[in-house]
Amino acid sequence: MNRIPEAIILAIGMALLGWSVKSGIDNFSNKDRKVTVKGLSEREVKADQVTWSLSTNEMGNDLPTLYENINQKTGIIKTFLKQNGIEEEEITVNPPTVNDLESNQWSDNRKNFRYIVNTTLTVSTKKVDLVNKAIFQQAELLKQGVAIEGSNPQYEYVSFQQMKPEMMEEAIKNAQKTADQFAKASQSELGKIQTAGQGQFEIDNRDQNTPYIKKLRVVTTVTYSLKD
């Protein structure tokens, strides 16, 4: 009779041990269950910084005359830029450079001139619209005898850093939506984030015809735990 309580205690102990083992197995199993998804965030924005280089040259044999002519051209270009809303401090004029065709021993100079004098003006401004307008009006310079070479502007979106937190948040939310769909399909519940990548940000031109429109893109990788 005295052994009956001992048997009951032993049975309870065995049941608790079995439950503990099952719980441990379940926890171990759940621990290894996870899903890794990617989240995307995209934006189309207008460039807020532009660098525009305008180069011109003079060819001839008399250097003093060439320098005078190139300075006149420089003045015409600066006036043109200012008339289109570009400020003096946004214009940089590089010193003229001289290419002496007869100084190159490998050059077969059969031209009617010896020197080529080049100069470049560089505009750096946030006035993207005004620069775009001026680009389409370059014919005004031709009317004044100034030919522009290599005038392809470079557009940037310098406010990108300010948008990174917002885009990262959106990318993570999109990743969570995908993970939720996976969890429901597998009859599971979505758990906590186990790992999350910072994401790779990219800035590209939307297309080759509108380089002043930028496409921002970030993809982040997130791993969630899954629960039954």
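**View 1. The exposed face of helix α2 in the predicted model.** On the face of α2 that is turned away from its buried side sit the exposed residues Pro 64 and Gln 83, where buried means under 20% relative accessible area, exposed over 50% and partly exposed in between, with a 1.4 Å probe and protein chains only. Helices (H or I, at least four residues) and strands (E, at least two) are DSSP runs, numbered from the N terminus. This is a predicted model, in which local features need pLDDT of at least 70 and side-chain atom pairs count only at pLDDT 80 or more, while totals for chains, interfaces and linings use all residues. Residues are numbered from 1 along each chain as its sequence is written, and side-chain values use heavy atoms, with hydrogens and water left out.

**View 2. The buried side of α2.** The buried residues of α2 are Leu 66, Ile 70, Lys 73, Thr 74, Ile 77, Lys 78, Phe 80 and Leu 81. They lie on the same side of α2, because they cover an arc of only 155 degrees around the axis, the arc being that of the directions from the helix axis to the C-beta atoms. An α-helix has 3.6 residues a turn, so residues three or four places apart point the same way. The packing partners of the buried α2 residues are β2 (49-60), β3 (91-93), β5, α3 (128-135) and α4, with contact meaning heavy atoms within 4.5 Å.

**View 3. The length and end of α2.** Helix α2 (residues 63-83) has 21 residues and should span 30 Å at 1.5 Å a residue, which agrees with the 30 Å between its end C-alpha atoms; the expected span is 1.5 Å times one less than the number of residues. After α2 comes Gly 85, which has a positive phi, near 95 degrees.

**View 4. Thr 125 in strand β5.** Thr 125, a residue of strand β5 (residues 115-125), is buried, with a relative accessible area of 2%. Its side chain is joined to that of Glu 90 by a polar contact of 2.9 Å, that is, a pair of N or O atoms within 3.5 Å, of which, within protein, one must be able to donate a hydrogen and the other to accept it, and residues adjacent in sequence count only if both atoms are side-chain atoms. The Thr 125 side chain also reaches the backbone nitrogen of Lys 127, at 3.0 Å. Leaving aside neighbours within four places in sequence, the contacts of Thr 125 include Gln 49, Val 50 and Val 131.

**View 5. Pro 153 in its loop.** Pro 153 belongs to the loop between α4 (139-143) and β6 (154-156), and, not counting residues up to four places away in sequence, Pro 153 touches Val 50, Thr 51, Trp 52 and Ile 135.
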